[in-house]
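Keep the sequence and the 3D view side by side as you read.

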Amino acid sequence: TAPLPAVFVDPESGEQVRFTHPQLSALVQISGALNLVKSKPSLKIWIVYAIDRAVVEIIQPVVERSVMIACTTTRELVLKDFCTDNDDIRMRQCAHMMVQNLASNLAMVTCKDPLRVTMNNQLKTFLMSKLGEPQDRQIQDTIGQTAELITRENLELGVSLVKKTATDEAVREMDQLLEAALDERRRAREANQPYLP
């Protein structure tokens, strides 16, 4: 499936849907065995939208926290480990590798359970609304089971989006935090002198 445009118009309702992560439509897994989705194929777009909304709801606080902790830790360790080293290129590479690993792992640990709950709730909400708020207990149970299955199938996809965002942001932040230290080492290296703090 090709990615959806950033803005999509539902052909059935005419409702305009704005995606934050339009590439999700090509990546979201929806089991072909789900009778609810088989009977109403237009639900697929709303399933992708619900997953998109769940990621958006979780991503900012998780990324902010993960990046702050990863950058602070990395900055302190890298400045200590490279305190007399004038190789700014190696220092920057080491800082990037460390901050990416820390931010990625912190984001994964921090977001997995809240994302599972949020994704499941978003899916139930959208499925219920698109099926006209059914009162039949059996249909409600089917919606709940469908939401749980889709959440299980796509949780790692959501986590990977959060991790990617956290690592990208951490690298940008790390470059800013180490800019002065890297400049000092670059000047010492270019002058062919040892770096002395």
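Start at Y49, which is buried because its relative accessible area is 15%; buried means under 20% relative accessible area, exposed over 50% and partly exposed in between, with a 1.4 Å probe and protein chains only. W46 counts as buried too, at 3% relative accessibility. Before going on, please note that this is a predicted model, in which local features need pLDDT of at least 70 and side-chain atom pairs count only at pLDDT 80 or more, while totals for chains, interfaces and linings use all residues. Residues are numbered from 1 along each chain as its sequence is written, and side-chain values use heavy atoms, with hydrogens and water left out.

How are W46 and Y49 arranged as an aromatic pair? They are edge-to-face, with 5.8 Å centre to centre and 90° between the planes. For such pairs, rings of Phe, Tyr and Trp (its six-membered ring) must have centres within 6.5 Å; planes under 30 degrees apart count as stacked, over 60 as edge-to-face and the rest as tilted. Because W46 and Y49 are 3 residues apart in helix α2, about one helical turn separates them. An α-helix has 3.6 residues a turn, so residues three or four places apart point the same way.

W46 also pairs with F126, this time stacked, at 6.0 Å centre to centre and 15° between the planes. That pair links distant parts of the chain, since W46 sits in helix α2 and F126 in helix α3, 80 residues apart. Helices here are DSSP runs (H or I, at least four residues), and strands are runs of E of at least two, numbered from the N terminus. Over the face of W46 lies K130, at 3.9 Å from the ring centre; a charge sits over a ring if NZ of Lys or CZ of Arg is within 6 Å of the ring centre and within 35 degrees of the ring normal.

Now step back to the largest nonpolar core, which has 53 residues. Such a core is a set of buried Ala, Val, Leu, Ile, Met, Phe, Trp, Tyr and Cys residues joined through side-chain atoms within 4.5 Å. I51, L115, L123 and V162 have the most contacts inside this core. Among the elements that give two or more residues to it are α3 (88-130) and α4 (137-177), but α2 gives the most, with 18 residues.
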